[in-house]
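Okay, thanks for coming, everyone. Let me put this one up on the screen, and then we'll walk through it together.

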Amino acid sequence: MKMIHSLLARMPKSVKLGIPLAAVLATAACSSAAASPSAPASSAPAAGSSASASTTGTVITTHAGSAGAFLTTGSGRTVYLWAKDSMNMSACSGACASAWPPVPATGTLTATGGAKASDLGTITRSDGTKQVTYDGHPLYYFVGDSSPDQTAGQGSAAFGAKWWLVAPSGAKITAADTASAAAANAPAPAAPAAPSSSNAGGGWS
């Protein structure tokens, strides 16, 4: 013990100060190494939030138009029924489905606004995908609608039958939606040219 004290007494001051500093650095290194395994735990809440987001589904709601309320999706996109369809059966495929995409049934179907949950349903299409129905009518979008609540497809006769807005009762709306047509401005003049294309909505008759 006396030998250790005598060795310490002979050491320069800089060496004596370095000993506690080395101990502090070693302690800090150990504590940082011990903290690193907890990093992955911080990603757990993110995974949980994405899981809850995946539970959302298709929402059908209503928008007030000049001819009465009509159905849209939760994002405001107008949906249509096709006069050529049978009850719970779609006759639209191929080029027709490219111009009038079926409204896909994803997650839990929800009705809000004036839409009725009891009228919501689904059918399985020939390609195996699920399509939303309302009061037995398969529902479709129109590619010519470029903004929420736009109704450029209303009254189109594309692919051999009429496309109509859908009332909350499930009935077709055959009157022009002048409120949405006026709001559309730019897309409105393009509507008359649609009959010349096989994959766009036609004009009024």
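One definition before anything else: buried means under 20% relative accessible area, exposed means over 50%, and partly exposed is in between, with a 1.4 Å probe and protein chains only. Keep in mind that this is a predicted model, where local features need pLDDT of at least 70 and side-chain atom pairs count only at pLDDT 80 or more, while totals for chains, interfaces and linings use all residues. Residues are numbered from 1 along each chain as its sequence is written, and side-chain values use heavy atoms, with hydrogens and water left out.

So, confidence. pLDDT is the predictor's confidence in each residue, from 0 to 100. The mean here is 75, and 60% of the residues reach 70 or more. Residues 15-55 stay under 50, and the model gives that stretch three contacts beyond four places in sequence; a contact is heavy atoms within 4.5 Å. Residues 185-205 are also below 50, but that stretch has 37 contacts beyond near neighbours in sequence.

Now the overall picture. We've got five helices and nine strands, taken as DSSP runs: H or I of at least four residues for helices, E of at least two for strands, numbered from the N terminus. Of the 205 residues, 31% are buried. And among contacts with a separation of 6 or more, 67% join residues 24 or more positions apart.

On to charges. How many salt bridges do we get? The count is one, with the rule being a side-chain nitrogen of Lys or Arg within 4 Å of a carboxyl oxygen of Asp or Glu. The pair is Lys 116 and Asp 119, at 3.4 Å, N to O. Lys 116 is partly exposed at 38% relative accessible area, whereas Asp 119 is buried at 14%.

Then there's Lys 162, in the loop between β7 (137-138) and β8 (163-166). Lys 162 is buried but has no salt bridge, and the nearest side chain of opposite charge, Asp 145, is 15 Å away. For charge, Lys and Arg count as positive, Asp and Glu as negative, and His and the chain ends are not counted. What Lys 162 does have is the backbone oxygen of Gly 155, 3.1 Å from a polar atom of its side chain.

Last stop, backbone angles. Asp 135 has a positive phi, near 55°, without being a glycine. Asp 135 sits in the loop between β6 (130-134) and β7 and is partly exposed at 34% relative accessibility. Asp 149, not a glycine either, has a positive phi of about 65°, and its place is the loop between β7 and β8.

Methods
A polar contact is a pair of N or O atoms within 3.5 Å; within protein, one must be able to donate a hydrogen and the other to accept it, and residues adjacent in sequence count only if both atoms are side-chain atoms.
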